[in-house]
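Student: I would like a close look at one part of this protein. Please take me through it slowly, as I am new to this.

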Amino acid sequence: MVEESPGDASGYTQPWFCPSRCKTHNRCRNHSRCRRTKNCAISTFMRATQYTCMLLSYVIERKADKEKLVTKLKQLESSMSSGRKMFRLGNMVHALVAARRTTQLPDVVPRFCLTVSNLTRALYFICDAVLWLKSVGLQPDIDKPKWRNWAAKCYYFSLLMNLARDWYEISWRLEQAVQEGKTKENSFCDKHSQELNCVKCDDFHGFFCLLFQVLKRHPPLLLDLVKNLCDLSGPLDTLGIYKTNPGVIGLCGIISSLVGILTLASPHLKLKQ
């Protein structure tokens, strides 16, 4: 039996394209969870396209003979951004449902971090929906900078909660590795014990050696950490905490989107909540 981490919870559903789906999913094209996963897949591909256009337009915008191409890329980027907003209402409902589910987690730290993260993410979708009303002209009197700032704050706080959960999970895994290393420190023939010998080091090299081994043994945790760190670039720039440029934001967005696509295609690589 595989040992679960403190943040794991039952009830995980495989996506619509997974071969091992249940018969109900195979026969029912309108199953709510299948539709949600389809929408998530479409939104993720649109997000990857949006950030790819952002990165490409930043790279070639200084070339005089590429002005038309840059204009087309920015138009496509804007179209992808607007198209993703169609999924905001469903994402908001999904975030609220996820918040309700995470309140049932047995461990207090993941329960708090994930619940707060999902609630603030739902607030982010609300702010983004208000900005969409402004962009289409339905509510022209909306203060766009104010709502954009609130959206960035909600998204930023949600990511911080996700990173706090990731660090708690990493700490738990590190503690497990240390205990495992102590029980096997005399078994030099065991390859895994040899990898954990760096636990004996009290410097940063020993810590990062152990951290590397833990993340290597738990790919879902590594992918979730990378995704959350990459997603931080957007709100950090918007809030003025750490100013970057569209190239960096685009690159981070592409990496984050690729991780999202990978976890959709291979559900076992997604960190359970």
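Tutor: Let's start with Ser117, which sits in helix α5 (helices are DSSP runs of H or I with at least four residues, strands are runs of E with at least two, and both are numbered from the N terminus). This is a predicted model, where local features need pLDDT of at least 70 and side-chain atom pairs count only at pLDDT 80 or more, while totals for chains, interfaces and linings use all residues. Residues are numbered from 1 along each chain as its sequence is written, and side-chain values use heavy atoms, with hydrogens and water left out.

With a relative accessible area of 3%, Ser117 is buried (under 20%; exposed is over 50% and partly exposed lies in between, with a 1.4 Å probe and protein chains only). Setting aside neighbours within four places in sequence, Ser117 is in contact with Ser158, Met161 and Asn162 (heavy atoms within 4.5 Å).

Helix α5 spans residues 108-135 and packs with helix α4, residues 88-102, at an angle of about 160°, the two axes being 8 Å apart. The two helices are therefore roughly antiparallel (over 145 degrees). On the α4 side, the residues that meet α5 include Arg88, Asn91, Met92, Leu96 and Thr102. Their partners in α5 include Arg111, Leu114, Asn118, Tyr124, Phe125 and Asp128.

Next, follow the chain to helix α6, residues 144-183. Here Glu169 forms a salt bridge with Arg165, their closest N and O atoms lying 3.7 Å apart (a side-chain nitrogen of Lys or Arg within 4 Å of a carboxyl oxygen of Asp or Glu). Because Glu169 and Arg165 are four residues apart in the helix, about one helical turn separates them. Glu169 also meets Arg173 in a salt bridge, at 3.6 Å from N to O. Arg173 and Glu169, too, are four residues apart in α6. Glu169 is buried, at 1% relative accessibility, and Arg165 is buried at 3%. Arg173 is buried as well.

The structure holds four salt bridges in total. Another of them joins Asp231 and Arg47, whose closest N and O atoms are 2.8 Å apart. That pair links distant parts of the chain, with Asp231 in helix α9 and Arg47 in helix α2, 184 residues apart. Both ends are buried: Asp231 has a relative accessible area of 7%, and Arg47 has 12%.

How values were computed: Axes fitted to C-alpha atoms, helices over the stretch in contact; angles between N-to-C directions. Parallel < 35°, antiparallel > 145°, perpendicular 65-115°, else oblique.
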